[in-house]
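This report looks at pockets, strand pairing, nonpolar packing and a few individual residues, in that order. Please keep the sequence and the model at hand while reading.

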Amino acid sequence: RGMVTYKHAEKETGHQTGSVGASTSMPTLSPAEEKMVTAFREHQQGAARLTNAEEIRTLVEYSSGYGVLSTNSRQYPGFPTGSVVGFALDDSGYPFFVFSSMSAHTQDIQEDGKMSLTVTANDFKGASEGRAVLIGSVEKLEDKEIQIYRETYFKRHPGAFWIDFGDFSYWRMATVDNIRYIGGFARAGTTAGSEYLASKPDPLASFAGHVMKHMNEDHADSTAAIVMKEVGVPVTDAEIVGMDRLGMTVKANITVTGGGVTKIRVPFPRPVEERKALNEVIVEMTRAAAA
């Protein structure tokens, strides 16, 4: 999960962040450092995290509302094609769309009803950010269902006046069979659609960004102290890059010999689901670290 690789520690597989492990001439760790590294690795393996299904549900809910729809092409038989489309979610988490009858992807799904939707995290800038591919089937909605879906779509895409044009129709994923999920470096796997549909978006997702921005701009030293207190490794350049009801993820430079820049999971002492409780937990952890 993006952890640092140290000399004498067991080999990590998958992607690595930074340049850690790139050199064959890394200095040997002292016994005290070896002990610290071992404790750090054990802590990270057991650190509380959201399930993949919860992370996917949150990612899709708080994405830009646009994704890449892939279909089996009628125009180019035997090949898939992709289109950037807007979407919204119904109350159960199924994505739905408003398509023009003239669009190639509309004609594709009319042919066999198969599709996938690739959605990226709202802050997506590259391979270290999350993305998910929802794989399943799609169905056309009946006229009696459209009004509710229309209102929901306008909430997500207020400027989409064209959905009222006569040649546009409403479509919804009828099934979410499987999901391919990549949460960043060294975090990838498959999640059943049923697990995604049974999950809820993380309750902190709507405001965590403001809290992280405040901590990163005004209290980076406190974040570094929290990492040392809670995880047991000294760090510099600490930046909170993720936050949910179970804890936060901090990108920092571990200053132990042989360390490097990595993402560190810091669990909260208890789950939090509202902003006041989150502020209380961060103050509590900051004071404990300072003491």
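## What counts as a pocket

A pocket is here an open set of grid points, taken over the protein atoms alone, with protein on both sides within 12 Å along at least five of seven lines, and its lining residues are those that have an atom within 4 Å of a point. The model to which this is applied is a predicted one.

## The second largest pocket

By that definition, the second largest pocket is lined by Val211, His214, Met215, His219, Ser222, Arg275, Asn279, Ile282, Val283 and Thr286. The elements that give two or more residues to this lining are α6 and α8, the latter running over residues 275-290, and α8 supplies the largest share, five residues.

The volume of the second largest pocket is about 170 Å³. Its lining divides into four nonpolar residues, five polar ones and one charged.

## The largest pocket

The largest pocket has a volume of about 1500 Å³. Its lining is made up of 46 residues, of which Asp123, Met212, Val241, Gly242 and Met243 are the closest to the centre of the pocket. Several elements give two or more residues to this lining, namely the helices α2 (52-61) and α6 (208-218) together with the strands β7 (168-184), β9 (235-244), β10 (247-254) and β11 (261-267).

In terms of residue class, the lining of the largest pocket contains 15 nonpolar, 17 polar and 14 charged residues.

## The three-stranded sheet

Three strands form an open sheet in the order β9-β10-β11, and their pairing is antiparallel. The edge strands are β9 and β11, each of which pairs on one side only. On average, and with direction ignored, neighbouring strands of this sheet are turned by 25 degrees against each other.

Between β10 and β11 the antiparallel pairing extends over seven bridges. Gly247 stands opposite Pro267, a residue of β11.

## The largest nonpolar core

The largest nonpolar core has 33 residues, and the members that touch the most other members are Val235, Met243, Ile264, Val266, Phe268 and Leu278. Two or more residues of this core come from each of α1 (31-46), α6, α7 (220-231), β9, β10, β11 and α8. The element that gives the most is α8, with six residues.

## Individual residues

Asp237 lies in strand β9 and, although it is not a glycine, has a positive phi of about 55 degrees. Is Asp237 buried or exposed? The relative accessible area of Asp237 is 65%, and the residue therefore counts as exposed, the cut-off for that class being over 50%.

Glu54 belongs to helix α2 and has a relative accessible area of 15%, so that it is classed as buried, a label that applies under 20%. The C-alpha atoms of Glu54 and Asp202 are separated by 6.8 Å, although the two residues are 148 residues apart along the chain.

Glu139 is found in strand β6, which covers residues 131-140, and its relative accessibility of 30% makes it partly exposed. Between the C-alpha atoms of Glu139 and Ala174, which are 35 residues apart along the chain, the separation is 5.6 Å.

How values were computed: Residues are numbered from 1 along each chain as its sequence is written. This is a predicted model: local features need pLDDT of at least 70, side-chain atom pairs count only at pLDDT 80 or more; totals for chains, interfaces and linings use all residues. Side-chain values use heavy atoms; hydrogens and water are left out. On a 1 Å grid over the protein atoms alone, a cavity is a set of points where a 1.4 Å probe fits but cannot get out, and a pocket is an open set with protein on both sides within 12 Å along at least five of seven lines; lining residues have an atom within 4 Å of a point. Grid points are joined across faces, edges and corners, and a volume is the space filled by probe spheres set on the points. Helices (H or I, at least four residues) and strands (E, at least two) are DSSP runs, numbered from the N terminus. Ala, Val, Leu, Ile, Met, Phe, Trp, Tyr, Cys and Pro count as nonpolar, Asp, Glu, Lys and Arg as charged, and the others, Gly among them, as polar. Two strands pair if DSSP finds at least two bridges between them. Axes are lines fitted to C-alpha atoms, for helices over the stretch in contact, and angles run from 0 to 180 degrees between N-to-C directions. A nonpolar core is a set of buried Ala, Val, Leu, Ile, Met, Phe, Trp, Tyr and Cys residues joined through side-chain atoms within 4.5 Å. Buried means under 20% relative accessible area, exposed over 50%, partly exposed in between (1.4 Å probe, protein chains only).
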